[in-house]
Amino acid sequence: MVTEKILVVGACGQIGVELTLQLRKMYGGANVIASDLREEHPMLKDTGPYIPMDIMNKETFHVLVLRYNITQVYLLAAILSATGEKNPPLAWNLNMQSLLNVLEVAKEEKLHKIYWPSSIAVFGPNSPKQQTPQHTIMEPTTVYGVSKLAGERWCEYYHHRYGVDVRSLRYPGLISYKSAPGGGTTDYAIEIYQDALREGKYECFLKEDTYLPMMYMPDAIRATIELMEADANRISVRSSYNLSAMSFSPKEIGEAIRKHLPAFAISYAPDFRQKIADSWPSSIDDGAAREDWGWAPGYDLERMTVDMLKNIGGSTS
Ligand code: NAD
Ligand code: AKB
């Protein structure tokens, strides 16, 4: 049996910390190398190797792959939607070049598997808003969405042309409490729990009736692992799979919190992120993921709210 050696790039981010910890549970700490531009995240300390690396430097990345006999790469480094609109060239450069570096080395070194996440940001104002299908009009209006759509085309291209086993999910907005979010439009749904517990109130940067697709982090981590563990012959989508769990508005998440914290108050001051949110779907049809590799979410708004309040209330991270 071949021992997999996994490299997680962007391991200190919102998804990276939790994904790295889960991969270390499955493959053993020594077989999962965490890397990032930043200092090692405190939650990763003493759970396995950490190597600082800039994924924009292809040579450094290539040497690391050879030196540690890497067989799989999870590429999580990216600039997200809200930060991307503040510096479009930077977002395009990082989001594209990091993926091309990984796909090229995967092709040259015949790596076993690559994981790269896409986003609901690949859709735009002309896509159907409700239950957005897997295949539909895709005309994103953010630099982040444009880079994710181009990335999806590159993934499919490297799979069809060179046989690279690259797999991808279009994550909705991800909600978690262990590691801070990285500058997205859906980050309000994390801040709201933190402010509810600490301040008893929250000023939301989106309007009260803005519905967006969302998912609790444990579901996102499980979906990622299930996709990566699935037999290759069950993966019919080589661009990126739609993935869905729940859809709610700021008003609805506020009401869900108020069931547990009756004095909680929410107000609204929409900013530039409203335009980004308005261009995205309200809900997603993830039928292909359900059919191909058996995806089913475990958390709805109520179950997630109970867990978020319990964990943020009891932790200081
Ligand atoms: P994040 O911003 O929290 O983490 C990204 C990490 O990449 C950071 O720790 C950062 O230091 C690191 N990084 C940045 N530039 C780097 C470089 N040049 N070299 C090495 N590391 C670098 O992002 P996240 O929320 O964890 O997202 C991870 C991936 O998932 C991204 O591709 C993102 O687009 C995608 N995604 C996230 C969400 C979400 O809600 N979090 C939703 C959809 C898609
Ligand atoms: C963002 O808001 O940019 C991310 C995403 C949905 O891709 N959370």
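**Ligand 2 and beyond**

A: Happy to, and let's begin at ligand 2: a nitrogen atom of ligand 2 lies 2.8 Å from a polar side-chain atom of threonine 186. Taken alone, ligand 2 exposes 250 Å², and the protein buries 93% of that. Keep in mind that this is a predicted model.

Q: Good to know. What lies 2.7 Å from a polar side-chain atom of serine 119?

A: An oxygen atom of ligand 2 does. A polar backbone atom of threonine 185 is likewise 2.7 Å from an oxygen atom of ligand 2.

Q: And which residues are around ligand 2?

A: You'll find Leu80, Ser81, Ser119, Ile120, Tyr144, Gly184, Thr185, Thr186 and Trp280 there.

Q: How many bridges join strand 8 to strand 12?

A: Two bridges, with strand 8 covering residues 169–171. Across that pairing, asparagine 242 in strand 12 stands opposite arginine 170.

Q: What about strand 11, is it enclosed or open?

A: Enclosed, largely: five of the five residues of strand 11 (residues 212–216) are buried, so the rest of the structure largely encloses it. Leu212, Met214 and Tyr216 point one way, while Pro213 and Met215 point the other way, and all are buried.

Q: Which sense does strand 11 pair in with strand 9, parallel or antiparallel?

A: Parallel, over three bridges, with strand 9 made up of residues 173–175. Methionine 214 in strand 11 is the bridge partner of glycine 173.

Q: And with strand 13, parallel or antiparallel?

A: There the sense is antiparallel, again over three bridges, and strand 13 spans residues 246–248. Phenylalanine 248 in strand 13 stands opposite leucine 212.

Q: Remind me, how do strands of a sheet pair in general?

A: Through backbone hydrogen bonds, either parallel or antiparallel.

Q: Now strand 4. Which way do its residues point?

A: Strand 4 (residues 72–75) has Gln72 and Tyr74 pointing one way and Val73 and Leu75 the other way, and all are buried.

Q: What does strand 4 pair with?

A: One partner is strand 1 (residues 6–9), which pairs with strand 4 in the parallel sense over four bridges. Valine 9 has leucine 75 in strand 4 as its bridge partner. Strand 5 (residues 113–115) is another partner, running parallel to strand 4 and joined to it by three bridges. In that pairing, tyrosine 74 stands opposite tyrosine 115 of strand 5.

Q: Helices next. How many residues does helix 1 have, and what span should they give?

A: Helix 1 (residues 14–27) has 14 residues, which should span 20 Å at 1.5 Å a residue. The end C-alpha atoms of helix 1 are 21 Å apart, which agrees.

Q: Which residues of helix 1 are buried?

A: Gln14, Ile15, Gly16, Val17, Glu18, Leu19, Thr20, Leu23 and Arg24.

Q: What follows helix 1?

A: Glycine 28 does, and its phi is positive, near 95°.

Q: Changing topic: is lysine 86 buried or exposed?

A: Exposed, because its relative accessibility is 64%, where over 50% counts as exposed. Lysine 86 is in helix 3 (residues 81–86).

Q: How far is lysine 86 from lysine 107?

A: Their C-alpha atoms are separated by 33 Å, and the two are 21 residues apart along the chain.

Q: Where is glutamate 104, and what is it in contact with?

A: Glutamate 104 belongs to helix 4 (residues 88–109). Leaving aside neighbours within four places in sequence, glutamate 104 is in contact with Lys58 and Tyr158. The side chains of glutamate 104 and tyrosine 158 are joined by a polar contact of 2.6 Å.

Q: Last stop, serine 127: buried or exposed?

A: Buried, with a relative accessible area of 7%. Serine 127 is found in the loop between strand 6 (118–119) and helix 5 (143–162).

Q: Which residues does serine 127 touch there?

A: Not counting residues up to four places away in sequence, serine 127 touches Thr132, Ile137 and Met138. A polar atom of the serine 127 side chain lies 2.6 Å from the backbone oxygen of isoleucine 137.

Key
Residues numbered from 1 in each chain as written. Chains lettered and ligands numbered in written order. Predicted model: local features only at pLDDT ≥ 70, side-chain atom pairs only at ≥ 80, totals over all residues. Heavy atoms only, no water. Buried < 20%, exposed > 50% of the residue type's maximum accessible area, 1.4 Å probe, protein only. Polar contact = N/O pair within 3.5 Å; in protein donor to acceptor, adjacent residues only side chain to side chain. Contact = heavy atoms within 4.5 Å. Pairing = 2+ DSSP bridges. Near = heavy atom within 4 Å. Areas by Shrake-Rupley, 256 points an atom, 1.4 Å probe, with all protein chains shown as cover. Expected span 1.5 Å × (residues − 1).
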